[in-house]
Amino acid sequence: MTDIDFTGVFPAMTTPFDENEAIDHELLAEDARRLEDAGVAGLVPAGSTGESATLTHDEHIEVVETVVEAVDDVPVVAGSGSNSTHEALDLSQRAADAGADALLLISPYYNKPEQAGLREHFRAIADAVDLPQVVYNVPSRTGQNVEPQTVEALASHENVRAYKAASGDIAQISEVIERTRDEDLAVLSGDDALTLPVCTLGGRGVISVAGNIEPERTVELVDAAIEGDLDRARDRHYELSPLFGHLFVETNPIPVKAAMEIRGYGPSRVRSPLTDLEDDNYAEMERILTALEEAADPERTEAV
């Protein structure tokens, strides 16, 4: 099994599309290298932010292959979940064969299994695929919560190495950390706005949307929080807070793709049924990103 330190910032990568809605693999590789150069701890392609719901299985694996081939020194945590255990097993094995270092497994959506079904689902994949795995809890998308007791039960499996907490419930996240303190399980924030409190409670980082746009400052926030430099961590948190909020003003990844376009990292195209960011929200994103640039470069503000 690959040994991965699940500490730090793991950007949930976007998937760039050309004018025909085909994956732009050259741009995807450029983006992976940009993020690696910014000092992130790892990359997460083909997850929710990567529009996995509208990728075919072949496209899904092609995205993973492109990112694996593009980077040198950071692990690639491939999204490979599904609401079908058989489908998730197939995607996970194919991602492993494509060179992924670890797997991100969203809990089954729509069919809403009970907690026993969730345990069986994650254990089946952990038993079959010998890679570190991240249990991903995002009830707003799946319709079902992975309860702390379920995470505790899964944490004893040697391949279940991390938990992405995207419930928005800080009390629940705290309970997960408390219940798994004796296990080798990294709790990662799945909400940028909660990264600081999660890290102060004992979390080890974030699978981040904002990290696509502001990787260096997001890394600084997490490093400072883990090191106990709370003044510096708070400074970065409040500096980035307007971005954290606006990245979810419409359904993810609509806003982050608009931000990528504004920063010149790629087009804002999303696949149907997602739509472009509304004009007023786009203008506000431009304002937020300009303010961040000015905060990073005071001379730029004086020149204006």
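The lining of the second largest pocket divides into eight nonpolar, six polar and five charged residues (nonpolar being Ala, Val, Leu, Ile, Met, Phe, Trp, Tyr, Cys and Pro, charged being Asp, Glu, Lys and Arg, and polar the others, Gly among them). The structure is a predicted model, in which local features need pLDDT of at least 70 and side-chain atom pairs count only at pLDDT 80 or more, while totals for chains, interfaces and linings use all residues. Residues are numbered from 1 along each chain as its sequence is written, and side-chain values use heavy atoms, with hydrogens and water left out.

The second largest pocket holds about 320 Å³ of space, and Val-138, Gly-190, Asp-191, Phe-248 and Asn-252 are, of its 19 lining residues, those nearest its centre. On a 1 Å grid over the protein atoms alone, a pocket is an open set of points with protein on both sides within 12 Å along at least five of seven lines, a cavity is a set where a 1.4 Å probe fits but cannot get out, and lining residues have an atom within 4 Å of a point. Grid points are joined across faces, edges and corners, and a volume is the space filled by probe spheres set on the points.

Of its 27 lining residues, Ser-48, Glu-51, Ser-52, Ala-53 and Tyr-109 lie nearest the centre. Strand E3 (102-106) contributes to this lining, as do helices H2 (57-70) and H3 (85-97), each with at least two residues; the largest share, three residues, is that of E3. Helices (H or I, at least four residues) and strands (E, at least two) are DSSP runs, numbered from the N terminus.

One cavity of 30 Å³ or more is present, and the largest cavity has a volume of about 70 Å³. Its lining includes Thr-14, Leu-27, Lys-257 and Tyr-265, with helices H1 (25-37) and H11 (254-263) each supplying at least two residues.

Turning to charge pairs, there are 20 salt bridges (a side-chain nitrogen of Lys or Arg within 4 Å of a carboxyl oxygen of Asp or Glu). One joins Arg-161 to Asp-3 at 3.8 Å, N to O, linking strand E5 (residues 160-165) with the segment before strand E1 (8-11), 158 residues apart. Arg-161 is buried at 9% relative accessible area, whereas Asp-3 is exposed at 70% (buried means under 20%, exposed over 50%, partly exposed in between, with a 1.4 Å probe and protein chains only). Within helix H12, Arg-287 and Glu-284 sit three residues apart, about one turn of the helix, and their closest N and O atoms are 2.8 Å apart.
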